[in-house]
Amino acid sequence: MSERPEDRQDCDDRDVVVTGIGLVSCVGEGVEAHLAALAGGPAGVSRAGPWETGRFAPYPVRPAPALELSTQIPKKSDQRQMEPWQRLGVYAAGAALDSAGMKDDAELKARTHVIVAAGGGERDWDVDGQVLTAMRTHAAPDVLLNERLMSDVRPTLFLAQLSNLLAGNIAIVHGVTGASRTFMGEEQAGVDAIRIAHARIASGQTDVFLVGGSFNAERADSILAYALGRLAYAGPPAALADRTAPGFVLGSGGAFLVLEARAHARARGARILAEIAAVGSARTGRGEGALAETLGRLFDETGTGADARIVSGALGLPARDDAERAVLAARAPGATPIVTQDLVGHLMEAHAPAGVALAAGLIAAGEAREAAVTSIGHQRGAGLVRLRAA
Amino acid sequence: MAQPRFTDRFGRPLVAVTGMGVITSLGEGKAANWAALTAGRSGIHRITRFPVEGLRTTIAGTVDFEGAEDFCAPKLSERLATTAATEAVAQSGLPAGDFPGALFVAVPPVEIEWPQRRALAEASGQAGDVTYADLLAAAETGAFAEWHDLFLFGTVADHLAERFGTKGSPISLSTACSSGATAIQLGVEAIRRGEAPAALCIGTDGSVHAEALIRFSLLSALSTQNAVPEEAAKPFSKNRDGFVMGEGAAALVLESAEHAHARGAEILGYVIGAGEKGDGFHRTRSSPDGAPIVAAIAAALEDAGIGPEAIDYVNAHGTGTPENDKMEAMGLMAVVGERMRSVPISSNKSMIGHTLTAAGAVEAVVSLMTIREGVIPPTINYHVPDPAIPLDVVPNVAREAKVGCVLSNSFGFGGQNTCLVLSAEPG
């Protein structure tokens with residue numbers, strides 16, 4: 001028999017609870033669709049949802065699903081003003097608001113704060129290619145660059161590139177206007193977005209947040225950033241455990257969570273899906289030893305128990321994955337981690353939010369009492385988010 | 001001697017400033033910048049970093065004395081931040097390299113730049129039309145691996161965290177042109193939560209390259225009055241026609257008053273309030289009724305626990321775009337009322353340009369110096385008053401005044417509005 005939250009001795013008004021989840025990836029939309037794909041088991045997971053192996057060969061990516069955009073972004077003009085990363089994010093944010101029962105509550109949305117974890121937006125690949133081609137033979141390539149950019153770049157493209165304009169579009173499209181902050185910094189930005197929202201709610205600084213991010217993997221300029229470091233996986237579709245080459249598979253998707261104080265959620269009659277019990281986050285070296293030490297410390301700091309269901313942010317990169325494996329063997333022996341990348345690809349800034357969305361979904365569905373979401377950034381940072389039944 | 005106060009009127013840890021550093025086109029350090037700002041000198045000049053043929057705007061407040069020969073935006077942004085933070089930490093007296101708190105740094109978004117794209121295109125050997133497939137092929141060689149880290153969004157913050165020994169996971173953030181103020185706000189919140197006794201808050205921006213300028217130019221945001229560069233930035237003037245891009249950085253050491261007092265540090269001032277409000281009206285324009293700007297100012301005053309009558313001076317966002325200055329004036333009039341006509345307000349951007357990501361931090365430092373020095377830097381280039389802006393903009397010449405409490409405004413694309421209240425006294 002499960003304990004009721006109100007019976008729990010450690011239940012507090014300032015507990016941080018998840019009341020809304022918006023999740024969009026190659027698997028489809030909604031946390032339920034993702035849990036259903038997970039139910040296929042680890043072997044089924046790598047095949048769940050499509051792979052795009054042709055357009056960016058040799059790099060496979062997990063493509064965005066077909067979305068009925070107008071269900072979350074009613075105005076065509078808004079859709080046009082955004083590039084795919086923003087549309088994915090605004091869509092997922094809207095789904096999270098729906099899930100939290102907030103979509104039609106203008107007053108509540110106007111005091112809901114936002115933290116977005118984001119990189120930058122799409123470039124105009126055709127213009128870039130044409131300019132590079134022309135520059136090659138031009139006597140004054142920098143002058144040519146000025147002329148071509150002035151004449152060929154769509155003026156509003158800048159607004160699809162600025163990191164904080166996903167948050168800006170969420171304000172415009174959904175009316176979530178408490179105030180927004182955008183955190184940058186790859187995977188760790190996603191961890192720290194949840195950490196700061198959690199801290200502000202727990203301390204009473206803010207009552208309700210929309211937190212998350214999105215990533216468009218189907219863009220060569222973004223793949224290029226990681227291909228430079230030889231970090232993008234270049235092999236046939238395979239689950240992490242079955243790959244013969246290192247690297248991560250980027251995925252297109254968006255993940256947003258509505259987080260609020262327990263008392264706030266109760267007062268408005270919201271359904272509480274899970275509690276975020278603790279968020280650990282650290283700057284750490286990249287050696288396997290340093291990473292393992294840090295991740296182990298985060299297990300301690302967050303009070304993560306041996307029975308926690310593990311949702312792993314594993315990347316497919318040596319040292320990072322080895323460290324995590326070693327820590328899990330010691331801290332959660334016998335656990336079969338859910339590997340978020342196997343399900344949706346690597347969502348970069350949105351990866352930790354997606355992991356937390358999955359963990360909260362598992363708890364809400366009664367499939368876990370406690371869950372821990374790991375994140376070891378490909379270049380820096382580590383995080384651990386512990387959730388428990390609310 | 002009165003017992004020092006360590007909490008604000010709401011019982012929260014009081015946030016003191018114990019170190020400040022700044023670098024702009026006017027020079028390196030507080031002394032150089034203060035001398036220039038109070039002399040009404042402009043740091044705006046003709047751009048020499050890249051060719052300006054074909055551009056509508058050919059001027060900027062770039063920082064050209066910090067090794068600009070190998071310009072790359074994240075590198076320059078890091079250098080500027082390092083310079084400012086070194087000055088700030090040194091002034092605070094906290095240990096260099098072992099900072100007892102978190103790092104919050106406002107950094108411009110990064111991306112691979114044109115010199116790197118060209119090098120990749122060349123390395124690919126593609127003799128026909130270049131596409132991203134060629135750039136990817138060049139990347140695959142591994143010969144350009146160091147550019148991966150150079151163009152990650154988290155790299156500048158990580159390097160700063162390493163150098164200054166800040167604690168915990170550093171935050172890289174953007175709220176567009178209010179980013180610097182948001183970095184300070186995050187630090188204030190962390191200290192009030194008691195997470196650490198101090199926070200290192202930095203805003204930095206060294207990103208004036210051709211494409212960055214063209215992006216703002218295509219949105220018609222920049223002044224095109226290139227003839228006399230020093231006179232192009234004209235906040236609050238009727239003939240204002242846009243902002244001028246600038247570069248710079250500023251750093252503030254925030255510290256709980258209790259911690260500062262315990263170690264005998266000199267307190268330079270206090271951040272007694274911070275407020276913010278999102279605007280969902282438009283991607284680049286403010287709500288016509290000014291409600292979000294009003295709400296952000298009101299939130300900052302409320303957070304500080306003071307009324308508008310306590311504000312002695314407003315350090316304006318004051319970009320010099322027709323839209324911003326009108327909306328800012330309207331918002332201030334709505335909150336402060338008729339008294340606003342006689343409250344001095346000035347724009348540092350008239351001299352240093354719009355330092356974008358850094359602006360909120362740079363202007364917070366200038367605000368605190370205004371309090372300490374008792375001199376208000378002017379709004380220069382103010383020769384044609386705008387009847388729609390009936391404010392005392394401290395035209396052209398610095399003014400001596402006793403300033404105890406400053407409101408510093410920052411507004412940005414994407415509906416970002418952030419306001420800080422800086423004060424000589426605990427409030």
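A contact, as the term is used here, means heavy atoms within 4.5 Å. With that cut-off, 78% of the contacts in chain B between residues at least 6 apart in sequence join residues at least 24 apart. For chain A, residues 24 or more positions apart account for 79% of the contacts with a separation of 6 or more.

The model is predicted, so local features need pLDDT of at least 70 and side-chain atom pairs count only at pLDDT 80 or more, while totals for chains, interfaces and linings use all residues. Residues are numbered from 1 along each chain as its sequence is written, chains are lettered from A and ligands numbered from 1 in the order in which they are written, and side-chain values use heavy atoms, with hydrogens and water left out.

Overall dimensions come next. The radius of gyration is taken over C-alpha atoms, and the globule rule is 2.2 Å times the number of residues to the power 0.38. For the 390 residues of chain A, a compact globule would have a value near 21 Å, and chain A agrees with its 21 Å. For the 427 residues of chain B, the rule gives a value near 22 Å, with which the 21 Å of chain B agrees. Along the principal axes, the C-alpha trace of chain A spans about 75 × 50 × 35 Å, and the C-alpha atoms of chain B fill a box of roughly 75 × 50 × 40 Å.

Burial and surface can be read together. A residue is buried under 20% relative accessible area, exposed over 50% and partly exposed in between (1.4 Å probe, protein chains only). Buried residues make up 66% of chain A and 67% of chain B. Accessible areas come from the Shrake-Rupley method with a 1.4 Å probe, and for residues only the protein chains shown count as cover. The accessible surface is about 12,600 Å² for chain A, 50% of it belonging to carbon and sulfur atoms; for chain B it is about 13,400 Å², with 53% belonging to those elements.

For the charges, Lys and Arg count as positive and Asp and Glu as negative, while His and the chain ends are not counted. The place of a charge is taken as NZ of Lys, CZ of Arg, CG of Asp or CD of Glu. Chain A carries 38 positive and 45 negative side chains, and the centres of the two sets lie 1 Å apart. In chain B there are 31 positive and 48 negative side chains, with the two centres 5 Å apart.

Secondary structure follows DSSP runs, numbered from the N terminus: helices are H or I with at least four residues, and strands are E with at least two. Chain A has 16 helices and 11 strands, and chain B has 13 helices and 15 strands.

Within chain A, strand β7 (residues 274-282) is largely enclosed by the rest of the structure, because 8 of its 9 residues are buried. Two strands pair if DSSP finds at least two bridges between them. Strand β7 of chain A pairs in the antiparallel sense with β1 (residues 16-25) over 3 bridges, and A:V17 stands opposite A:E275. Strand β11 (residues 382-388) of chain A also runs antiparallel to β7, joined by 7 bridges, with A:A278 opposite A:R386.

A cis peptide bond joins A:A57 and A:P58, with omega about 10°, and A:P58 lies in the loop between α2 (41-45) and α3 (76-81). A:E186, although not a glycine, has a positive phi of about 55°; this residue is in helix α10 (residues 186-202) and is buried at 3% relative accessible area.

In chain B, helix α6 (residues 155-164) has 7 of its 10 residues buried, so it is largely enclosed by the rest of the structure. Cover for these buried residues includes α2 (73-92), β5 (101-106), α5 (146-150), β6 (171-174) and β7 (198-205) of chain B. Just after this helix, B:G165 takes a positive phi of about 65°.

B:V394 likewise has a positive phi, about 50°, although it is not a glycine. This residue is found in the loop between β12 (375-376) and β13 (399-400) of chain B, and is buried at 0% relative accessible area.

Finally, B:G269 lies in strand β9 (residues 269-276) of chain B and counts as buried at 1% relative accessibility. Not counting residues up to four places away in sequence, B:G269 touches B:V15, B:A16, B:V17, B:L368 and B:S423.
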